[in-house]
Amino acid sequence: MSEAAVDRILDALRLPAGALVLDTGCGSGEMLLRALARDPTRRGLGVDLDPDSIQLARARAQERLAGRDVRFEVRDAGEVTGRHDAVLNVGSSHVHGDWPDALRALRALVTDGGAVVYGEGYWRRPPSAAFLDALGGATADELPDRAGLEAGVRAAGFAVAAAEEASDADWARYEETLAANAERAGDPDSLTYARRIRDRRALAEGTTTLGFALLRLRAGG
């Protein structure tokens, strides 16, 4: 996503003073740190199973939000309980199972009337067999189309308050960066990964099949 798109979503969060913000599958903590930086009273918890990412998140928090109430834990997202004023899950629905499971889990973790920032992939067009093969053997039922994503959001008890879409330029920047980083790593697995990205983008439908939406959701109640 563009920096401007992320900023628009996070700037519009309307949370009470002292709000507790949870990030499930937080990675290196960037989204949570940005959300907390917008209000000095906000508190945060980020969980992820990757210890290297959590170590990086803790270092970033110390550098950017020293003295703030923010914790990063190596922890399964399924073990987190309680209600939070806002929950973030961006590109990490897999930590809760599949994407419908993730939406249900997020609804259980956010207060009634609270906010969720949810980033999810979707099919812009039905994926071809060649495209799925180039993704490494993905299946068409792993993701919804855009209408199906919004239907799943409503079924989980949310309303869409705002939406941002990754542009073709966003995708190009993201995937070219992934491929270039893998090529710099230089090991056989990384080179195979980079080649798969470039081969997929070279397909006739390689840049028009996969989409990504960053949604700000409002929990009903």
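## A serine in a loop

Serine 92 sits in the loop that runs between β4 and α4 (99-109). Keep in mind that this is a predicted model. Is serine 92 buried or exposed? With a relative accessible area of 7%, serine 92 falls under the 20% cut-off, so it counts as buried.

What does serine 92 touch, once its neighbours within four places in sequence are left aside? The contacts are Thr24 and Gly25. The side chain of serine 92 also reaches the backbone oxygen of glycine 25, at 2.9 Å.

## The sheet

Seen as a whole, the chain has 8 helices and 7 strands. An open sheet is formed by 7 strands, in the order β3-β2-β1-β4-β5-β7-β6, with mixed pairing. At the edges stand β3 and β6 (158-165); each has a single partner strand, so one side of each has no neighbour in the sheet. On average, neighbouring strands are turned by 15° against each other, direction ignored.

Strand β1 (residues 20-24) pairs with β4 in the parallel sense, over 3 bridges. Within this pair, valine 21 has alanine 86 of β4 as its bridge partner. Helix α2 packs on the sheet and touches β1, β2 (43-48), β3, β4 and β5. The direction of α2 makes about 175° with that of β2.

## Two nonpolar cores

The largest nonpolar core has 24 residues, and those with the most contacts inside it are Leu10, Leu15, Val21, Leu32, Phe72, Leu88 and Val117. Which elements each supply at least two residues of this core? They are α1 (3-11), α2 (30-37), α3 (51-64), β3 (70-74), β4 (84-90) and β5 (110-123). The largest share, 5 residues, comes from α2.

Not counting residues up to four places away in sequence, leucine 88 touches Val21, Leu22, Asp23, Thr24, Met31, Leu32, Ala35 and Val117. Apart from this core lies another, of 23 residues, including Leu149, Ala156, Phe158 and Leu217.

## The chain overall

For 221 residues, a compact globule would have a radius of gyration near 17 Å; the chain has 18 Å, which agrees. Along the principal axes, the C-alpha atoms fill a box of roughly 50 × 40 × 30 Å.

Buried residues make up 45% of the 221 residues. Among contacts with a separation of 6 or more, 73% are between residues 24 or more positions apart.

How values were computed. Residues numbered from 1 in each chain as written. Predicted model: local features only at pLDDT ≥ 70, side-chain atom pairs only at ≥ 80, totals over all residues. Heavy atoms only, no water. Core = buried A, V, L, I, M, F, W, Y, C linked by side-chain atoms within 4.5 Å. Buried < 20%, exposed > 50% of the residue type's maximum accessible area, 1.4 Å probe, protein only. Helix = DSSP H or I, 4+ residues; strand = E, 2+ residues; numbered from the N terminus. Contact = heavy atoms within 4.5 Å. Pairing = 2+ DSSP bridges. Axes fitted to C-alpha atoms, helices over the stretch in contact; angles between N-to-C directions. Polar contact = N/O pair within 3.5 Å; in protein donor to acceptor, adjacent residues only side chain to side chain. Rg over C-alpha atoms; globule rule 2.2 N^0.38 Å.
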